[in-house]
Amino acid sequence: MKAVILRNHGLLTTGNSVEEAVWWFITMERSCQAQLLAEAAGTPIPIDAEMAALTKTQVGEGVSGYFNSKPLYDKILREQPDLLE
C-alpha cells in the first residue's frame, strides 16, 4: 500500500524514497479533485478492473513515482535556488 485516505485528516502516502512518496501524494490529491468534480457533474462511471490493473502496471510502480517527481523537484530548485542553502 502506498496511499491511504484518513477520514477527517487527509491523505497519507509512502514510498521507497521521499521523491516517490511526494509523487504519490500529488497524484492522490489530483485524483481526489477529479473524483469530486466527477461526482459534482453526476454519477461517475467506474473503470473496469482489467483497465485498472493495466494502468497500475504502467504507472503504479515505485520507479514511476520517483521519475515523475523529478521534473517538479527541478522546477522548484530553478525557481528557488537558495532552497537547499
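Trainee: Which helix do aspartate 74 and lysine 70 lie in, and how many residues apart are they?

Mentor: Both lie in helix α3, four residues apart, about one turn of the helix. Helices here are DSSP runs of H or I with at least four residues, strands are E runs of at least two, and both are numbered from the N terminus. Keep in mind that this is a predicted model, where local features need pLDDT of at least 70, side-chain atom pairs count only at pLDDT 80 or more, and totals for chains, interfaces and linings use all residues. Residues are numbered from 1 along each chain as its sequence is written, and side-chain values use heavy atoms, with hydrogens and water left out.

Trainee: Thanks! What do the side chains of aspartate 74 and lysine 70 form?

Mentor: A salt bridge, at 2.9 Å from N to O. The rule asks for a side-chain nitrogen of Lys or Arg within 4 Å of a carboxyl oxygen of Asp or Glu.

Trainee: How many salt bridges does that rule give?

Mentor: Two. Glutamate 79 pairs with lysine 75, with the closest N and O atoms 3.8 Å apart.

Trainee: Is glutamate 79 buried or exposed?

Mentor: Glutamate 79 is exposed, because its relative accessible area is 53%. Lysine 75, at 40%, counts as partly exposed. The classes are buried under 20% relative accessible area, exposed over 50%, and partly exposed in between, using a 1.4 Å probe and protein chains only.

Trainee: New topic: which residues are buried in α1?

Mentor: Glu20, Ala21, Trp23, Trp24 and Ile26. The buried residues of α1 pack against β2 (10-13), α2 (49-59) and α3.

Trainee: What span should α1 have?

Mentor: With 24 residues (18-41) at 1.5 Å a residue, α1 should span 34 Å, and its end C-alpha atoms are 35 Å apart, which agrees. The expected span is 1.5 Å times one less than the number of residues.

Trainee: What comes just after α1?

Mentor: Glycine 42, which takes a positive phi of about 150°.

Key. Contact = heavy atoms within 4.5 Å.
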